[in-house]
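Colleague: Before I use the labels attached to this model, I would like to see what each of them rests on. Could we go through them one at a time?

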Amino acid sequence: MNKRTLHAVATATAATLALGAAACSNGKHSGSRGGDGKNPATANVGKVVGGTPQRGGTLNVLSNQDFTHLDPARNWVVRDMDFGTRLLYRTLVTYKAAPGTKGGELTPDLAEDLGTSSNGAKTWTFKLKKGLKYEDGTPITAQDVKYNVERSFSPDLPGGPDYAARYLAGVDGYQGPAEGEHLDSVRTPDARTIVFELRKPFAEFPYATVLPTFAPVPKARDKGPQYDNRPFASGPYKIKSYARDKELVLVRNPHWDPATDTVRKAYPDKLVVTMGLKANQIDDRLIASQGADASAVSWDKMRPESAPKVLTKTDVTARLLAESTNCTEMVQMHTGRAPFDNVKARQAVQYALDREAVMTASGGPALNEPATALMPGPLFGGKQPDTLKIPVTGDVAKAKQLLEQAGKPGGFATSITVSTGDKGVAEAVQQSLGRAGIKVTIETVDPSAFYDTIGDTKNRTDLVYTGWCPDYPSGSTFLPFVFDGRHIKEKGNSGNHSLFRDKPTMRRMDQIAAMTDAAQANKAWQKLDGEILAKAPTAPAVIERMPLLLGTNIAGAHGHTSFGGEVDYATVGLKDPSKSQG
């Protein structure tokens with residue numbers, strides 16, 4: 001669905017290593033295990049924690065950062081999408097609010113059903129439910145959904161999902177609705193009907209309408225880039241106040257009608273997001289769970305050095321969510337700039353990278369596993385193949401050999417951009433590449449500005465550390481978004497941070513996209529994964545879990561598999577609202 005979430009960091013402590021140490025054999029990890037042979041971090045996987053919430057009270061969210069974007073035309077970071085689409089605005093279709101695989105199932109949201117296809121899946125029609133209203137009581141219309149789809153093309157609103165640009169017919173050169181131009185391929189015959197005309201068959205289109213692009217925005221409320229500060233609510237909550245980098249307060253939207261919404265339970269009366277906290281401070285506060293913190297959840301994942309304080313205490317582990325993100329973290333290389341325009345130089349990075357060290361810096365094997373392919377395991381039917389068979393600690397001799405073949409026998413100097421929280425990971429990358437003679441300088445960026453920074457293709461560094469999460473279980477939501485060079489943007493670029501422009505790869509993507517047999521297409525995506533990996537635009541690093549601590553008064557919490565393991569804000573609430581503060 002998205003760009004990868006901004007993940008936590010820092011070098012793990014010796015205690016974490018002791019907890020997370022895995023039995024290593026032949027370069028493969030068996031994972032962290034407790035005394036009974038089970039991984040203590042995964043005790044709540046696929047479960048709801050805390051029982052059924054009671055209505056009322058204040059849910060606190062403790063965060064180390066601001067949102068990247070809340071404007072639905074620009075919102076394409078996993079946790080921001082989770083927050084935005086579960087609380088502030090609704091989309092044509094959404095995911096069920098359930099743990100485990102049930103969370104991957106679609107359900108109607110603004111629409112009455114999952115859409116009706118015609119013209120060989122090139123035309124999709126959705127009918128809105130009756131009685132849908134914004135926070136001021138005015139009706140939500142099909143024209144408002146069309147307007148936001150059109151906004152997503154605006155050059156001054158970069159960074160959002162680009163499914164509309166990839167699939168809608170007649171969009172070449174379109175620059176949004178600001179000058180009165182509108183898309184003929186999105187029709188609204190009446191206030192409750194919206195019809196999409198696609199350039200090619202797309203049987204999975206209902207999954208795309210889960211994305212914030214397909215949320216309504218009333219034209220009269222649009223303020224261009226400033227809309228990011230105050231999206232107009234169609235969901236169960238509206239913004240009371242938003243001080244950037246400090247605090248966001250949500251209160252109930254009195255015109256949201258639960259009779260039209262089978263997903264969002266809207267248990268709390270209010271949500272308060274406190275920003276700018278230190279990550280270790282958040283962990284310590286939630287472990288202690290005192291006062292208002294008992295009614296709090298963490299925005300970012302638990303820091304690696306907090307693992308010993310959590311995994312050794314059963315009462316705290318009972319309040320830990322740790323679903324797999326199903327996102328592949330990668331070192332992405334600028335393939336259009338020397339020396340990374342040379343495939344041998346890129347392959348040298350793949351062989352030099354010590355994924356075990358990266359895994360340790362990300363929290364150890366209790367919370368991560370080394371990546372051996374590009375797409376995550378579910379897109380291979382459960383587990384990634386070991387395509388390149390590179391030892392988990394790397395192969396320095398092979399890396400040096402590849403550098404010689406690239407004409408860089410002494411190595412070279414380069415730089416990597418990471419989110420501030422990923423400095424420990426960057427140091428692991430720096431040290432492992434340094435063994436082969438590749439000298440890496442680290443540049444850190446505030447998490448809320450990270451994607452805008454690496455999306456500036458002219459001014460970014462050679463290397464970036466980020467990843468990708470499939471928007472739904474299909475290779476079509478992974479490989480084309482990360483490796484199709486036809487959708488690279490100068491500003492607001494997303495997904496393809498290797499700037500990979502390989503014509504044979506793009507031709508094959510088009511051939512697979514045209515396949516009508518889903519099983520055949522899945523096998524073709526899996527094969528293409530290995531072919532792209534051999535061309536080395538990226539070096540896969542790890543597949544992470546999303547460890548999130550909860551306060552003792554939290555109920556109805558589960559990590560949502562379709563939102564990268566983030567807390568599902570559709571169902572979370574409080575055991576005893578009277579104990580919350582604020």
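Colleague: What percentage of the 582 residues of the protein chain count as buried?

Modeller: The share that counts as buried is 61% of the 582 residues. Buried stands for a relative accessible area under 20%, exposed for over 50%, and partly exposed for values in between, with a 1.4 Å probe and protein chains only. This is a predicted model, in which local features need pLDDT of at least 70 and side-chain atom pairs count only at pLDDT 80 or more, while totals for chains, interfaces and linings use all residues. Residues are numbered from 1 along each chain as its sequence is written, and side-chain values use heavy atoms, with hydrogens and water left out.

Colleague: Why is the protein chain called as compact as a globular protein of its length?

Modeller: The chain has 16 helices and 24 strands, these being DSSP runs numbered from the N terminus (helices H or I with at least four residues, strands E with at least two). Its radius of gyration is 23 Å, close to the 25 Å that the globule rule gives for 582 residues, so the chain is as compact as a globular protein of that length. The radius is taken over C-alpha atoms, and the rule is 2.2 Å times the number of residues to the power 0.38. Along the principal axes, the C-alpha trace spans about 65 × 55 × 40 Å.

Colleague: How much accessible surface does the protein chain have, and what part of it belongs to carbon and sulfur atoms?

Modeller: The total comes to about 20700 Å², with 49% belonging to carbon and sulfur atoms. The areas come from the Shrake-Rupley method with a 1.4 Å probe, and for residues only the protein chains shown count as cover.

Colleague: What makes α2 mostly covered?

Modeller: Eleven of the eleven residues of α2 are buried; among them are Arg79, Asp80, Asp82 and Arg86. Leu87 also lies in this helix, which runs over residues 78-88.

Colleague: Why is Leu87 called buried?

Modeller: Its relative accessible area is 2%, so Leu87 falls under the 20% cut-off and is buried. Not counting residues up to four places away in sequence, Leu87 touches Gly235, Pro236, Tyr237, Leu250, Leu271 and Tyr569, where contact means heavy atoms within 4.5 Å.

Colleague: Why is Arg230 called partly exposed?

Modeller: Arg230 has a relative accessible area of 32%, which lies between the 20% and 50% limits, so it is partly exposed. Arg230 is found in the loop between α5 (205-208) and β11 (237-243). Leaving aside neighbours within four places in sequence, Arg230 is in contact with Glu135 and Ile239.

Colleague: Why are α9 and α11 called roughly antiparallel?

Modeller: Helix α9 (residues 343-352) and helix α11 (residues 396-405) pack at an angle of about 170°, with their axes 8 Å apart. Axes are lines fitted to C-alpha atoms, for helices over the stretch in contact, and angles run from 0 to 180 degrees between N-to-C directions. Under 35 degrees counts as roughly parallel, over 145 as roughly antiparallel, 65 to 115 as roughly perpendicular and the rest as oblique, so α9 and α11 are roughly antiparallel.

Colleague: What is the make-up by class of the contact of α9 with α11?

Modeller: That contact has seven nonpolar, two polar and two charged residues. Nonpolar covers Ala, Val, Leu, Ile, Met, Phe, Trp, Tyr, Cys and Pro; charged covers Asp, Glu, Lys and Arg; the others, Gly among them, are polar.

Colleague: How do you know that α15 and α16 are roughly antiparallel?

Modeller: Helix α15 (residues 503-513) and α16 pack at an angle of about 170°, with their axes 10 Å apart. That angle is over 145 degrees, and α15 and α16 are therefore roughly antiparallel. The residues of this contact include Met509 and Ile512 of α15 and Trp525 and Leu528 of α16. By class, the contact of α15 with α16 has nine nonpolar, one polar and two charged residues.

Colleague: Which peptide bond is cis, and what is its omega?

Modeller: The bond joining Ala338 and Pro339 is cis, with omega about 5°. Pro339 is in the loop between β15 (320-333) and α9.
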